[in-house]
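Welcome! Please take a look at the sequence and the model first.

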Amino acid sequence: MKNVDILPESAAGPAYDVDCRRCPRLATFLDRVREANPGYFCRPVPPFGANDAALVIVGLAPGMHGANASGRPFTGDFAGILLYATLYAYGFASQPIATGRDDGLELIDCRITNAVKCLPPDNKPAPAEIRACNGYLAADLAYVPAGGAILALGRIAHDATLSALGAKRSALPFAHGARHALAGNVVLFDSYHCSRYNTNTGRLTAAMFHAVFDAICAHLDREGARRAA
């Protein structure tokens, strides 16, 4: 089926392994989900976007009926509604809505990846699973160019990013709207995750999310960043 093809920019390598089963709990869970949903991707979800993109967004993990189904980060997830609309508004995506990997959406100087590539039960990866997947994230983040930006969506993504980069967590604490200077004039930006819970409760509003992207665009020196909504 078309929806189980691997993204073309995600060839086998240190940043991604479609056959990875190093976490027994996640591998077993994916097997069960695949049996119940034969058309779902149900494998480690590859990063989406060019390797050398100036902005890399790090999420938590695929959602059950979103990225785990489509095989593309935040595609079909509720969290993708705000994320892709914002990426489009700021010129990082060719369209504001992500429905499937055949929807024609392209990222522009942006890459999206996850701290954990496989769907975890109850959307909660175990610490050992985050550590086991950290080598893939480290390999993915190795492509971030000098002067680039990383956006961590939530504390787990923030901590996983620092671990992947060999940085001390205690020196760079997570906080929504925070920015942390890294080597090579790369800046790590923090945001609350654009999950259904955070947006429905008002913990994260579109205005708050846009403020983070204003800061990212200022760092990347992107003029005329935001399109009219």
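**Exercise 1.** Which elements do the buried residues of α3 pack against?

*Solution.* Keep in mind throughout that this is a predicted model.
- Step 1: Find helix α3, which spans residues 79–89. This helix is mostly covered, with eight of its eleven residues buried.
- Step 2: List the buried ones: A79, G80, L82, L83, Y84, T86, L87 and A89.
- Step 3: Look for their partners. The buried residues of α3 pack against the strands β1 (48–49), β2 (55–59) and β3 (110–114), and also against α6 and α7 (206–220).
- Step 4: Move on to what follows the helix. Just after α3, G91 has a positive phi of about 80°.

**Exercise 2.** Find out which parts of the chain the salt bridge between E129 and R25 links.

*Solution.* 
- Step 1: Check the distance. The closest N and O atoms of E129 and R25 are 2.8 Å apart, and a salt bridge needs them within 4 Å.
- Step 2: E129 sits in helix α4 (residues 127–141) and R25 in helix α1 (residues 24–36).
- Step 3: Compare their surroundings. E129 is buried at 6% relative accessibility, whereas R25 is partly exposed at 38%.

**Exercise 3.** Work out how R34 and D31 are placed relative to each other in helix α1.

*Solution.* 
- Step 1: Their side chains meet in a salt bridge, at 3.0 Å from N to O.
- Step 2: R34 and D31 are three residues apart in helix α1, so about one helical turn separates them.
- Step 3: An α-helix has 3.6 residues a turn, so residues three or four places apart point the same way.
- Step 4: Widen the view: R21, D31 and R34 are linked in a network of salt bridges.

**Exercise 4.** Describe the largest pocket and the residues that line it.

*Solution.* 
- Step 1: The volume of the largest pocket is about 570 Å³.
- Step 2: Of its 28 lining residues, L60, A61, N123, H193 and S195 are the closest to the centre.
- Step 3: Sort the lining by type: 13 residues are nonpolar, ten polar and five charged.

Definitions and conventions: Residues are numbered from 1 along each chain as its sequence is written. This is a predicted model: local features need pLDDT of at least 70, side-chain atom pairs count only at pLDDT 80 or more; totals for chains, interfaces and linings use all residues. Side-chain values use heavy atoms; hydrogens and water are left out. On a 1 Å grid over the protein atoms alone, a cavity is a set of points where a 1.4 Å probe fits but cannot get out, and a pocket is an open set with protein on both sides within 12 Å along at least five of seven lines; lining residues have an atom within 4 Å of a point. Grid points are joined across faces, edges and corners, and a volume is the space filled by probe spheres set on the points. Ala, Val, Leu, Ile, Met, Phe, Trp, Tyr, Cys and Pro count as nonpolar, Asp, Glu, Lys and Arg as charged, and the others, Gly among them, as polar. Buried means under 20% relative accessible area, exposed over 50%, partly exposed in between (1.4 Å probe, protein chains only). Helices (H or I, at least four residues) and strands (E, at least two) are DSSP runs, numbered from the N terminus. Contact means heavy atoms within 4.5 Å.
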